[in-house]
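Morning, everyone. I have one structure to show today. Please take a look at it first.

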Amino acid sequence: MNELKQAIIKEIEEDYNKDLEHIKTEDGFKLILGQCNKTYIGTIEKQKEKLIKYLFHKKEKRLNEELTQIKEVEKAKDFSGEFIITLEWKKSRMWGMNPRAYTNYGFVGESIGGCGYCKTSTATAQALNSNLSILKLMYLKKNELLKQGLNKDEIKNKIGYGCGYSIIPRFEGGVGVSSHENILKGLGLYMRCITNTDYTNVYLIRKMTKEELNNYKTRGY
């Protein structure tokens, strides 16, 4: 996943350099201070020196976290067998029915509250992002698309709506379960709802058969 790693390093360095450019002006300095929720005392020069030090450590921390994430996904086993997501819906006094995701790999998600967005796909996104073998397929696909020299919009269109906005792809919540299904199809996986009641949804994810994969590809996806 070298292309993905290099893209992350480039993005983080560019963001860091933009911040350094901003703090050269008074307004930019105040803006970055506010964004970082920092307050320093002393001369402007001393304050800028402290802020630059903070930004550098912030950059290094982000770099370490994101590269570590890729390494963890790289080490994951290739996807095999079946991945089952079970959503259990419970009543909330404030938010009506709230789902919580469980998987056959032991993952337990958060109770999804609020309103005005797709709670179902928010819950399934948590479950899908917990499976490193599935993320590995998405990372490898993005790595290949980066190797081809495609831009951000082209890559997002190739992977599918709901794959996130950062360099490292992930399943977004609130986008509708059909968006997750389409992303998974592009990764050679088939997702379908096998149980649908007022209180439970169960989704089965497995590898496509050769026939299913060929049928999917012949449709021009």
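I'll go through the cores, then the strands, then the cysteines.

This is a predicted model: local features need pLDDT of at least 70, side-chain atom pairs count only at pLDDT 80 or more, and totals for chains, interfaces and linings use all residues. Residues are numbered from 1 along each chain as its sequence is written, and side-chain values use heavy atoms, with hydrogens and water left out.

Cores. A nonpolar core here is a set of buried Ala, Val, Leu, Ile, Met, Phe, Trp, Tyr and Cys residues joined through side-chain atoms within 4.5 Å. Buried means under 20% relative accessible area, exposed over 50%, partly exposed in between, with a 1.4 Å probe and protein chains only. The largest core has 38 residues. Ile85, Leu128 and Tyr139 are among those with the most contacts inside it. Helix H5, residues 132-147, gives the most to this core: five residues. Helices (H or I, at least four residues) and strands (E, at least two) are DSSP runs, numbered from the N terminus. A second, separate core has nine residues, including Phe29 and Leu33.

Strands. Two strands pair if DSSP finds at least two bridges between them. S1, residues 82-92, pairs with S4, residues 200-207, antiparallel, over seven bridges. There, Glu88 has Thr200 as its bridge partner. S1 also pairs with S2, residues 96-103, antiparallel, over eight bridges. Those two form a hairpin with three residues between them. Lys91 stands opposite Met97 in S2.

Cysteines. Cys193 is partly exposed, at 34%. Cys36 is buried, at 11%.
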